[in-house]
Amino acid sequence: MSDTDARREPDAIAWPPSWPRVLDADFGPPPAGEYRATPEDFQVAEVLDFAPEGQGEHLWLHVEKRDLTTAMAVRELARLCEVSPRDVGYSGMKDRVAVTRQWLSVQLPGREAPTGLAEALAERGIRVLAEARHPRKLKRGVHRANRFRLRITGPAVADPTLEARWARLVEQGVANYFGPQRFGPDGRNLQRARSLLARGWRKRDDRDGMMLSAARSFLFNEQLAERVHDGSWHRLLPGEVAILDGTASQFTLETPDAELEARAARLDLHGSGVLWGVGGSVAAGEALDREARLAERYPALCAGLDRAGVRLARRALRLRLGEPTLTRGEGELWLAFSLPRGAFATAVLRELIAHPTL
């Protein structure tokens, strides 16, 4: 880090950050509410676009786990099968205080699973729903979406604006913030990332890349917060890199025309922000100027990511809620919706309720 960088970037980033909500302008701050009081209040199911082939050296298990992180489940499966955790595959990381359904794979070349594996997993809170063989290990990020079912309680349930807030999110989409779990308790992952990047990132200090991810996620949220603040988060700017909803397809817009604006209004297209890294940005005009301002505000973080060699990528600024439903009960409210992989249900909840963890 140069002396100039050290002077221009603060020694610490204030936590929690005050990233603005979309709905505050029309509805005011959200009412207080509770969520995830028990694991059953936060249910998640991975959605894959394919099924195991039925043969191969990898055993795939569709599991339901309660009050366990994915990493905990991976370690249990590896221990019971007497393999290294590196031989266990998964697509997405799931929260601990939840009931989650996802696929895991374990490499067992030339041998069957240990006798009583399902029973042993069940004793540890992991229920096997299905199993099949497949030629390849389950890779990170191959699931298409996550389906959520969330229970809300507290004063928010009786608030007269809550259903109007929900309807607006369904119609207009949700600001695609990275959730607080990405940054760790009190933002400690981000502070560790700053220290690590300042002295030079090394794989041995961050084997899973969590610190790199925390830094990139923070920078993305800062971009999105600026767009939410000025009301452009759901519109297309000159030079914007647009992302087609539900796909990885993207293209640069010189000047958005009426047809493209109409597609954005229908949630077919979303603007995007940069996930910082090496490689030239394909944004132009006003959109590129905004990315440059990010580097001016956080030069040490951006320079550290460049030195780490992480590749530049992009992320949609907005989410469409898939198959959204709201159901009322006695003193409770249930939300159900799908989000693409990498999106956070907490981005939805923070628009609807006020809670210390959001």
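A residue is called buried when its relative accessible area is under 20%, exposed when it is over 50%, and partly exposed in between, using a 1.4 Å probe and protein chains only. The structure is a predicted model, in which local features need pLDDT of at least 70 and side-chain atom pairs count only at pLDDT 80 or more, while totals for chains, interfaces and linings use all residues. Residues are numbered from 1 along each chain as its sequence is written, and side-chain values use heavy atoms, with hydrogens and water left out.

**Helix 3**

- Helices (DSSP runs of H or I, at least four residues) and strands (runs of E, at least two) are numbered from the N terminus.
- The buried residues of helix 3 are Thr 70, Ala 73, Val 74, Leu 77, Ala 78, Leu 80 and Cys 81.
- Seen down the helix axis, these buried residues fall within an arc of 165°, so they line one face of helix 3; the arc is taken from the directions from the axis to the C-beta atoms.
- Among the elements that cover the buried residues of helix 3 are strand 3 (58-66), strand 5 (99-107) and helix 4 (117-123).
- Helix 3 is followed by Glu 82, whose phi is positive, near 55°.

**Nonpolar cores**

- A nonpolar core is a set of buried Ala, Val, Leu, Ile, Met, Phe, Trp, Tyr and Cys residues joined through side-chain atoms within 4.5 Å.
- The largest such core has 59 residues, and those with the most contacts inside it are Phe 42, Phe 218, Leu 219, Phe 337 and Val 348.
- Helix 7 (residues 210-230) supplies the largest share of this core, nine residues.
- A second, separate core of 20 residues includes Leu 68, Val 83, Val 88 and Leu 108.
- In soluble globular proteins, nonpolar side chains tend to be buried together.

**Aromatic rings**

- Rings of Phe, Tyr and Trp (its six-membered ring) pair if their centres lie within 6.5 Å, and planes under 30 degrees apart count as stacked, over 60 as edge-to-face and the rest as tilted.
- The structure holds 14 aromatic pairs, including the edge-to-face pair of Phe 178 and Phe 220, with 5.6 Å centre to centre and 85° between the planes.
- This pair links distant parts of the chain, since Phe 178 is in the loop between strand 8 (174-175) and helix 6 (188-199), Phe 220 is in helix 7, and the two are 42 residues apart.
- Phe 178 counts as buried because its relative accessibility is 7%, and Phe 220 counts as buried because its value is 0%.

Notes: Contact = heavy atoms within 4.5 Å.
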